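Student: I am new to this structure and would like to learn how to read it. Could we look at it together?

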Amino acid sequence: MKRPLVWVFLAMIAGIWLLYPLVKKNISYEQENVHVTATVKEIEKKGYRLGNLKFLHKSEKILPRKNLMLYTEQPELKPGYQIEVKGDLKDFSIGMNPGEWDAKKYYASQGVEGFLSTDDVKILSRRLDVVEWWCYQIRHRTLQNLSKVMETRDAGTLGAMLLGDKTLLDTEVKDIYKNAGIGHILAISGLHISLLGAAFFWWLRTYVLPMKKAVLVTILFLAVYGKITGFPVATSRAVWMMSIMLMGRYLGKRYDGMSALSFAGILTLWMYPEELFQCGFLLSYVSAFSLYLFRPVLEDFIPKKGKEDRANYFESLLVGIFLYGMTLPVLAYFYFSVSRYAIVANFLLLPCLSLLLGVGILGSISSFFLEKLAGFLLATDHYLFRLMEWVCTFLGNLPGDQWIMGRPALWKIFLYYLNVGLFLYVYHQKKDKRWCFLLWINLAMALFLFPNRVDFCYSQLYVGQGDCSVILEKDHTYVIDCGSTSKKDVGNYVLAPYLKYYGRNSVDAVFLSHSDEDHVNGFLELAENPDMGIEIGQVFVSGQEGEEPALEKICQRMNQCNIPVKKLVEGDLIKTKDSTFTCYHPDREYESETPNDLSLSILFQHGDFKVFFVGDLEAEGEENILEENLPSLHVDVLKVGHHGSKTSSTPAFLSWVDPKMAVISAGKNNRYGHPARVTLQNLEAQGIPYYSLMETGALEYFQKEGWYAYLRFPDP
């Protein structure tokens, strides 16, 4: 009760969490043509941030009031320039599948509401924002200098750590650090600011200025440094907190860390309320609050006697354990997996960070004047980076490195933190070890509930112009096709996150209908990149006579990955504990000039629920199935063939399948015109309700809950 700012901050969090979804208007700017004047605010990694927007035309839609991104090939613009832009206003991509990253929400948290990609740019005024331009030049020149005196790989890593600029950051390095649980050191965090600010203040106070002047200069230095790095959320928090601490020293007032932390959080959420729903904000503030809340507990655990260095190491280990436990729910919610050895990685490598940053700062400054001296100094960082990568790689190769738990439900996270709060209350107020022990058991039980368990779920994922179906059972996972020609890296950005979202780290079987890129390239990403953390059990492909060359190449690639391949023909039956897969096409002697008509056609059945998958089967292949005079299937779902092409889904075939509903997988604004109007008319003529994934997002069927669409609820 002595910290009113803490209660204001908590009330603000609750208010945004409850009310923001109700007042936020979800507006789409798909191809909205605009004519706007704006000011260039900042130069970003790939474009420019525009502010002071004034739209020169009327629109029925509510136009952005904050900032836009501009992507253009026009000559370099500079901060402060007034420009006139004409072009199509577009939305950032949204997550249309469980687990998929939502760019629109991320940019909304930065105050950016859409983007323009055009070369129709006219400069109205060249008045320069000197401060912003100066900060950009320092950041840009420093990164260039580092690239001259270091390997590009090292320069990119150091640039991310010191400048917040990830332009040169190597993807492999990023993944190595992230998988080891130390990805936070690649961002400018409170630890970076604390080390830098404390060192700078000590130097000023000891050698240059009296205390009060040193305080003011250090605060100014931190503000400038934050501006150079773009003030990411963790940097903003740390700068505010350290500035408040220094002002307390200036005024002779006692510093309260939790109040300073709350003040920084209030300012951040006041400017950007959407930050509350971003992982970076939550990790930063949960970590900082945890350190203050658990400090008395840590002091009780740290031995009072013995060597000081031994006590420091023990304290570092305990801090790592507490932070791991407190941030675990946040990491599970956003990334669905954590490293089991993150505590070890942080314990071993964080002590190196002070030396690494100190040398990096001196080397960066020297690079402006003496390149040879900078190269000599930064050689130390080179070896430190190799050491850190080696440790991360070693830990990553240990058994059970990644704990894939899926996204926990919010009530589970609430239960977890409730147990933490009860533990702290009992520990501080009651000093009752028995109750503390019971609460720790409850905490472990709450953690045990985290995995996102699913008894049965059939999912049709949205992959743009392509196909991807997933079937989840209690202990088994199956994938039918995964590929796209309109979305990049769907294996890495759609399928793998989806599987981890539900706590799956393996796929028992993959069924590839045929060899087209829009059905296989995402699967090949998973199969040939074990670092994604998804194991493939076996692959089933079409086994007709006259082998397809492209399909044979895929089989060869699977052999290189030690993944067994089996070929299916009509009549083959695969039984699992709870389900069956029955192959209806092609038969052993069937021949066709097009790979599409050689597509595997598989009936999946789980209890009374049935789905028919036909790949890109066209009219000729459909007719071949009908010639067998088999009984009507009466399925629950037909995954419409060939993305709804006019060459598929003939009336006779639809009548034989007799589905209760149909699902069409095609990319928005695709160049093929899928789904074709004639196909939709065939479905309508037979009274078959259909759903297009470009409108619903991922479509899922749960055994107990029924249908769920990621973007909206269908009504079959």
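Student: Which residue just after α18 takes a positive phi?

Tutor: That is Asn 562, with a phi of about 60 degrees. Helices here are DSSP runs (H or I, at least four residues) and strands are too (E, at least two), numbered from the N terminus. This is a predicted model, where local features need pLDDT of at least 70, side-chain atom pairs count only at pLDDT 80 or more, and totals for chains, interfaces and linings use all residues. Residues are numbered from 1 along each chain as its sequence is written, and side-chain values use heavy atoms, leaving out hydrogens and water.

Student: Which residues of α18 are buried?

Tutor: First, the general idea: an α-helix has 3.6 residues a turn, so residues three or four places apart point the same way. In α18, Leu 551, Ile 554, Cys 555 and Met 558 are buried (under 20% relative accessible area, with exposed over 50% and partly exposed in between; 1.4 Å probe, protein chains only). They lie on the same side of α18 because they cover an arc of only 100 degrees around the axis, taken from the directions from the helix axis to the C-beta atoms.

Student: Which residues are exposed on the other side of α18?

Tutor: Pro 549, Lys 553, Asn 559 and Gln 560.

Student: What covers the buried residues of α18?

Tutor: The cover includes α17 (517–528), β13 (535–542) and β14 (565–568).

Student: What does Val 539 touch?

Tutor: Counting contact as heavy atoms within 4.5 Å, and leaving out residues up to four places away in sequence, Val 539 touches several residues, including Phe 523, Met 558 and Ile 563.
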